[in-house]
Amino acid sequence: MMYSKIPLAQTLVSLCIAKGINHVVISPGSRNAPLTLSFSQHPKIQAYSIVDERCAAFFALGMAQQLCKPVAVICTSGSAVLNYYPAIAEAYYSNIPVVVISADRPEYLIDVGDGQTIRQKHIFKNHINYEANLKQDITHKRTILSETHQLSAEMEQELQQRVQSYNEAEINQALNAAVEKNGPVHINAPFDEPLYEMLPEPTVFPKVQSLVLEEEIDHEKITKAAAIWSNSARKMVLVGTLPPHTISKKYLEILANDPSVLVFTETTSNLRDDKFFNKIDQMILPIEKNEAMLDEFQPEILLTLGGMIVSKKVKAILRKRQPAHHWHIHENRVYDTFFCLEHFFKINPNHFFELFFAQTKPIESSYKSFWNAIKKERQQKHEVYLQQAQFTDLKAFEAILASLPPSLILHLGNSSTVRYAQLFEIDSSIELFCNRGTSGIDGSTSTAIGTSVVAEKQTLLITGDLSFLYDSNALWNNYIPKNFRIILVNNNGGGIFRILPGNKNTENFDTYFETIHPHTGKQLAEMYHFEYLTATDEMSLQKALQTFYDVSKQPKILEVFTPRIENDGALIDYFKFFNEKK
């Protein structure tokens, strides 16, 4: 293979490979040519070309999310790097190791009117775990720089060695931080022309610094917590976003069989058990104004795991009815979501439970049995309501989620999509993902496609029309597998805004909130060679779903059209139905 003549480019490639990075997403450009040529030709690198940098970053995020290891994204200088920001913010709050490598102009060209040049240092400083602002190689500075005119060969070699040592240390720290802190890092690499020169052999051999993975184990704090746990009859475990298979089954069984524990799991937690409470809003919304029931609900101890919580209602209630003790377990990040956090255990959850349950003892309690009876009643009413309900978003999601084949990888779009999914059971063999770090609609399709490229299983994205149209450049690549599927629920706008308080059915609301539109996915499907199917009612949806997941020569889009005006009313009536007398 060939190597860039620029030592910095060689160093970046060598250290990325040494750290196990073998998937690299590259957006076209000139300033990043030394990196593009070096990475794309290396036998240990799988390189992908994605033109749109915003899509490229979410594509890389999807791969890193699935592979559970860093994936690099590379772009040219200037505004290109700014387009990475939405995905970087998502990676930061979702603990996903994306490595941004941005090519930059030399320092002497910044703010002098040179093209495609902005201030790239510290550009992600608020949402990054480490930033490495590298130095330009002395041996690759153009002769117009006066500082290099009078250098002797010995002085140039000495200065170059200092630059090389600095760059090696910074790149090592950045790549290690991506793994140690499990999140995004930014490496800014300045290159001067010429950019395209190559060599048959490398000229630098960077040193590799080892990773340091540590836990902060406070045995005394765990022992005190175990004693409080053993004497509390009302305990709640609330699980936010978690990767699949995070918590050991033996610890889940302990929690599931404890009569003093309610385990509330969100769809995004990837924890599903008949003894858990898997439909939070179905339990919460009917009691939000019932003071007596809220008294019964309020736990003494709240133990939280994972990342962001989708349910706004459970957050509102637990902020109002705060537990006496709130403990959070996470390897990297602490969230004081309920404004009463007492302890943060920065430790792997399985290691925590191993130490914790060795010191706890059971206690008699009716807490779980009381809410189990309500859970059973809620499920019965859920089924009764749906049997007589008209076709809306709610009925569409019932049919879609019931159709999912086992062992699927399911990506959910944000806004109403993930919230509707919270109301239904999903097979425990399905691995579920959603960009809940920032909860934006901007990169759901790109993320799902990135996952599908490296996944061994079929990947399905369920998304809304605004999210799909917003991220339509996600379909502009050559890597989408034939078994990739998209279900597009089209209610002609931002339907979730009809559920929220506000004046509906006005010109202002239609234009600036709901953003009514006439567009469909048909033309995009044709442009990007997707098989395209439609459904407009329950019967046509059921028929389309019968063969939707079957082997095909093209990826598929199923567009489900639902009635814009009726959707919010059906959902509001659904929750009202739980409070109606039998």
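**Charged pairs**

Modeller: Start with E220, which is exposed at 53% relative accessibility. Keep in mind that this is a predicted model.

Colleague: Which residue does the E220 side chain meet in a salt bridge?

Modeller: K224. The N to O distance is 3.3 Å.

Colleague: How are K224 and E220 placed in helix α7?

Modeller: They sit four residues apart in α7, which spans residues 219-230, so about one helical turn separates them.

Colleague: And K224, buried or exposed?

Modeller: Exposed. K224 has 52% relative accessibility.

Colleague: Switching topic. What does E296 form a salt bridge with?

Modeller: With R234. The closest N and O atoms are 4.0 Å apart. This pair links distant parts of the chain, 62 residues apart. E296 is in helix α10 (residues 291-297), while R234 is in the loop between α7 and β9.

Colleague: How accessible are the two, E296 and R234?

Modeller: E296 is partly exposed at 34%. R234 is partly exposed too, at 22%.

Colleague: What about D114 and R105: how far is N from O in that salt bridge?

Modeller: 3.4 Å, between the two side chains. R105 is buried, with a relative accessible area of 12%. D114 is partly exposed, at 31%.

Colleague: Why does R105 count as buried?

Modeller: Because its 12% falls under the 20% cut-off for buried.

Colleague: Which residues are linked in a network of salt bridges?

Modeller: E291, D295, K320 and R321.

Colleague: Last one. How many salt bridges does a search of the whole structure find?

Modeller: The search finds 16.

How values were computed
Residues are numbered from 1 along each chain as its sequence is written. This is a predicted model: local features need pLDDT of at least 70, side-chain atom pairs count only at pLDDT 80 or more; totals for chains, interfaces and linings use all residues. Side-chain values use heavy atoms; hydrogens and water are left out. Buried means under 20% relative accessible area, exposed over 50%, partly exposed in between (1.4 Å probe, protein chains only). Helices (H or I, at least four residues) and strands (E, at least two) are DSSP runs, numbered from the N terminus.
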